[in-house]
Amino acid sequence: MRMPRLIVLIGLGLLSDPSPPQGRGENVVDFNKDIRPILSDNCFQCHGPDEEVRKAKLRLDTRQGAVAPLRRGGFAVAAGKPDASKLLERVLAADPGERMPPPRTNKKLTPQQIELLRRWIAEGASYADHWAFVAPRRPPLPAVSLKDWPRNGLDHFILARLEKEGLKPSPPADPVTLIRRLTLDLTGLPPTPAEVDEFVAAWDAGRAKRQAVVADAVERLLSSPHYGERMAVDWLDAARFADTHGYHIDSGRDMTRWREWVIDAFNANMPFDRFTIEQLAGDLLPDASVAQKVASGFNRNHMINFEGGAIPEEYLNAYIVDRVNTTSTVWLGLTITCAQCHDHKYDPISQREFYQLYAFFNNVPEKGLDGSKGNAAPVVPAPTKEQQRRLSEFEGALKKLQSKQPGDDKTKAEIAALRQAKAAFEKSLATAMVMQEMPAPRDTFVRIRGEYNKKGDKVTAGTPAFLPPLAKGAAANRLTFAKWLVAPEQPLTSRVIVNRYWQMIFGTGIVKSVEDFGSQSDAPSHPELLDWLAVEFQQPTPAGSGAGQPWSVKDFIRMLVTSAAYQQSSVVTKELLAKDPDNRLYARGPRFRLQAEFIRDQALAVSGLLNREIGGHSVSPYQPAGLWKELSERSDSKNWTAQFFVLSKGKDLYRRTMYTFWKRTSPPPQLVTFDAPDRETCTVRRSRTNTPLQALILMNDPTYVEASRKLAERLLREARSTEERITLAFRLTTARTPSERELAVLRGVFDKQLARYRADPQAAAKLLAVGQAPRDERLDAAETAAWTIVANVVLNLDETVTKN
């Protein structure tokens with residue numbers, strides 16, 4: 001029987017100390033901000049929630065445990081008496097055998113941290129719930145001095161912090177930079193020169209109307225079908241979407257209908273609570289549609305094995321563990337995987353609770369070993385639009401024949417033949433892997449030390465005790481669980497999701513560790529702003545995202561990009577760089593390198609190669625020869641799909657990068673070099689590195705050499721003089737016009753390369769032969785080759801691959 005939440009939390013010592021700390025004032029030590037990080041980093045591993053490894057029976061993650069008498073007498077924390085507290089005595093001990101943390105951990109508290117602990121104990125050793133585990137409440141908008149700067153509610157929080165730090169916001173970005181920033185952020189594609197000109201003209205028409213001009217541009221971009229593609233890229237990372245099963249054989253699967261569902265959902269602005277429910281439990285909705293069943297494929301995107309000699313029960317367990325970990329990361333921002341083998345060492349999640357979550361996902365009629373022939377059961381037919389059209393034609397033809405004299409032998413034969421053809425066609429229909437429930441659920445057991453074949457206590461589906469309970473009287477199934485994730489009292493989901501959208505737009509989350517909101521998380525840079533955004537996402541207001549529908553992703557994104565904080569110039573002064581190198585105070589606009597997919601998309605777009613078709617099958621653009629063969633060729637490779645790389649042809653070669661075929665054992669090398677994940681597991685934060693390999697790809701990869709050639713042809717056709725062509729290249733890639741110095745440098749590059757290729761026609765021919773796109777034979781070869789090098793230089797500019 002589940003105990004009432006209040007009793008459970010009091011028993012665990014997770015409720016705040018009801019007595020106010022002594023000497024409370026402006027400089028009082030804050031437990032969550034100042035003390036919890038010290039204890040979590042240095043103490044919880046041995047003196048935290050995990051009872052199995054707890055040393056000396058001392059628990060420091062709860063006040064009840066910290067102030068309890070020690071076995072050998074005294075108190076680890078004697079509230080109000082730092083000199084009588086063994087905790088301080090041990091962290092100050094000169095004897096290595098007595099000092100805490102032990103020297104073997106390579107951890108040592110700084111004098112500042114020790115002083116914070118002393119002050120905290122002196123003030124009464126007050127504990128508080130971890131900030132992320134308390135439901136957010138909407139704080140009032142803080143007062144600011146620069147009253148005409150905020151454009152919506154979030155700006156008040158940013159400005160108040162800047163003013164507290166003695167800083168001022170940066171000036172607004174110029175209109176060219178702003179329209180490029182907006183277009184890349186909302187579509188993943190660059191603006192055209194015409195779109196830039198239209199925006200700048202409207203901007204220059206009147207200062208008073210500039211925010212209306214921004215609003216109009218944002219509406220146009222949010223309405224673009226490419227918005228859904230841009231938003232889907234990050235979601236595919238989170239959902240560990242791929243075109244192969246993974247593991248050693250890594251054969252093919254087809255989840256492209258699920259990918260289309262995601263794109264369509266973002267374009268239709270499906271409310272995020274419904275977006276959640278359909279992906280976690282669409283199959284359990286009343287009279288579930290095919291689309292809702294397809295949506296439930298979110299938790300079938302995990303790796304699947306069918307290798308000979310593998311143990312089915314082991315891999316079935318791995319699939320369910322993956323679902324628990326992925327769902328917890330994506331919606332709860334918790335590193336719950338730690339509790340698979342033992343109680344969590346930092347957060348109040350027991351191993352038993354891990355397997356209670358496991359039970360929600362343990363009722364799918366699936367096999368531990370499957371997928372050798374493609375999609376693994378359970379699946380549903382999910383015809384493409386073209387296939388659906390063909391099916392409708394079959395139905396119409398059958399209906400027409402059946403309306404004739406059905407007794408006529410000729411008509412009977414035609415009907416039989418048509419039905420046979422329809423049945424044969426139906427076997428070729430696309431399918432999608434989905435979730436389903438078994439008539440009788442499997443029993444779920446705690447797995448001792450996480451081992452698949454060592455069963456402990458039997459458990460039933462449930463949620464961690466430190467979080468709100470499931471809806472009273474509701475069936476403990478995936479649908480109830482999905483609704484629980486987006487319930488108003490849920491403290492984590494809205495915070496976690498708005499933090500990831502903030503990361504998408506501003507480069508770094510308000511909580512930098514977007515995948516971890518637990519005790520080991522980074523502290524939020526603006527905690528009140530995070531809570532305000534979390535509540536605003538669920539309950540929109542005119543001061544924020546507008547009084548529209550709850551959980552509206554488009555409204556929320558609109559609020560972010562129409563804020564004054566977003567529209568600042570990203571130019572940084574030396575003083576500001578010294579004080580805030582990572583822009584955590586947001587005193588300047590966001591500036592960071594584009595994601596891997598958008599770097600390639602931009603090159604294809606400006607060169608005129610981009611195929612803007614939405615949805616459909618995955619494609620195989622250029623990659624180094626022999627990669628798949630080197631990594632996965634076997635004597636029986638011919639028996640499996642996705643074993644041999646086949647380069648796409650024609651327009652498929654130039655589709656948006658999000659449609660690139662994703663082989664888990666050999667993910668697209670061009671994208672991985674620019675920090676795309678392997679998609680074997682859930683990823684909600686990509687790393688952002690700078691390496692020489694990235695420059696080499698932009699210079700030498702066939703994708704970028706071919707894009708440079710087609711851009712060169714475009715320059716030759718659309719502009720006349722050298723200066724005009726350089727200017728057009730700059731406008732296409734960076735949206736702005738080049739300076740006189742930049743013109744001179746690139747003019748010199750062109751002149752030098754033109755002389756080179758005039759003298760060596762074979763070198764020009766070799767360069768112009770790169771890529772499948774046909775060459776415009778009407779253009780002079782040497783001149784085209786020279787402009788190809790100029791275009792390649794421009795595509796390599798830091799400014800080109802960066803959102804400024």
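The numbered points take up confidence, helix packing, individual residues and backbone geometry in turn.

1. Confidence. This is a predicted model, and its chain has a mean pLDDT of 94, with 97% of the residues reaching 70 or more. Over residues 1–25, however, the pLDDT is below 50, although this stretch still has 43 contacts in the model beyond near neighbours in sequence. Where pLDDT is low, the predicted coordinates should not be read in detail.

2. In helix H31, which spans residues 761–768, the buried residues are Ala763, Ala764, Leu767 and Leu768. These four lie on the same side of H31, because the arc they cover around the axis is only 130°. An α-helix has 3.6 residues a turn, so residues three or four places apart point the same way. On the face of H31 turned away from the buried side one finds the exposed residues Pro761, Gln762 and Lys766. The cover over the buried residues of H31 includes helix H28 (702–718), helix H30 (740–759) and helix H32 (781–795).

3. H28 against H32. From H28 the contact draws on Tyr704, Val705, Ala707, Ser708, Arg709, Leu711, Ala712, Glu713, Leu715 and Leu716, which meet Glu783, Thr784, Trp787, Thr788, Ala791, Asn792 and Leu795 of H32. Sorted by class, the residues of this contact between H28 and H32 are 10 nonpolar, 4 polar and 3 charged.

4. H29 against H32. Helix H29 (residues 722–734) packs with H32 at an angle of about 35°, the axes being 10 Å apart, and H29 passes H32 in a right-handed crossing. H29 contributes Thr722, Arg725, Ile726, Ala729 and Thr733 to the contact, while H32 contributes Glu783, Trp787, Val794 and Leu795. The contact of H29 with H32 comprises 5 nonpolar, 2 polar and 2 charged residues. Glu783, Trp787 and Leu795 of H32 are listed in this contact and also in the contact with H28.

5. Gln753. This residue is placed in helix H30, and Gln753 counts as buried because its relative accessibility is 13%, which is below the 20% cut-off. Leaving aside residues up to four places away in sequence, Gln753 touches Ala786 and Ile789.

6. Helix H19 (residues 478–485) is largely enclosed by the rest of the structure, because 7 of its 8 residues are buried. The buried residues of H19 are Arg478, Leu479, Thr480, Phe481, Ala482, Trp484 and Leu485. They pack against helix H13 (272–281), helix H15 (312–332), H16 and helix H20 (493–506).

7. Val200. Val200 belongs to helix H9, residues 193–204. Is Val200 buried or exposed? With a relative accessibility of 19%, Val200 counts as buried, since buried means under 20%. Not counting residues up to four places away in sequence, Val200 touches Pro175 and Val176. The C-alpha atoms of Val200 and Ala482 are separated by 45 Å, the two residues being 282 places apart along the chain.

8. Cis peptide bonds. Most residues other than glycine have a negative phi, and most peptide bonds are trans. A cis peptide bond joins Met100 and Pro101, with omega about -5°, and Pro101 lies in the loop between helix H5 (86–91) and helix H6 (111–122). A cis peptide bond also joins Ala377 and Pro378, where omega is about 5°, and Pro378 sits in the loop between helix H16 (351–360) and strand E1 (379–381).

9. Positive phi values. Arg449 is not a glycine, yet has a positive phi of about 55°; the residue lies in the loop between strand E3 (444–447) and strand E4 (455–459), and at 52% relative accessibility Arg449 counts as exposed. For Arg679, phi is near 65°, again a positive value in a residue other than glycine. Arg679 is found in the loop between helix H26 (669–673) and helix H27 (692–700), but Arg679 counts as buried, at 3% relative accessibility.

Notes. Residues are numbered from 1 along each chain as its sequence is written. This is a predicted model: local features need pLDDT of at least 70, side-chain atom pairs count only at pLDDT 80 or more; totals for chains, interfaces and linings use all residues. Side-chain values use heavy atoms; hydrogens and water are left out. Buried means under 20% relative accessible area, exposed over 50%, partly exposed in between (1.4 Å probe, protein chains only). Helices (H or I, at least four residues) and strands (E, at least two) are DSSP runs, numbered from the N terminus. The arc is that of the directions from the helix axis to the C-beta atoms. Contact means heavy atoms within 4.5 Å. pLDDT is the predictor's confidence in each residue, from 0 to 100. Axes are lines fitted to C-alpha atoms, for helices over the stretch in contact, and angles run from 0 to 180 degrees between N-to-C directions. A crossing is left-handed if the near helix is turned anticlockwise from the far one by less than a right angle, and right-handed if clockwise. Ala, Val, Leu, Ile, Met, Phe, Trp, Tyr, Cys and Pro count as nonpolar, Asp, Glu, Lys and Arg as charged, and the others, Gly among them, as polar.
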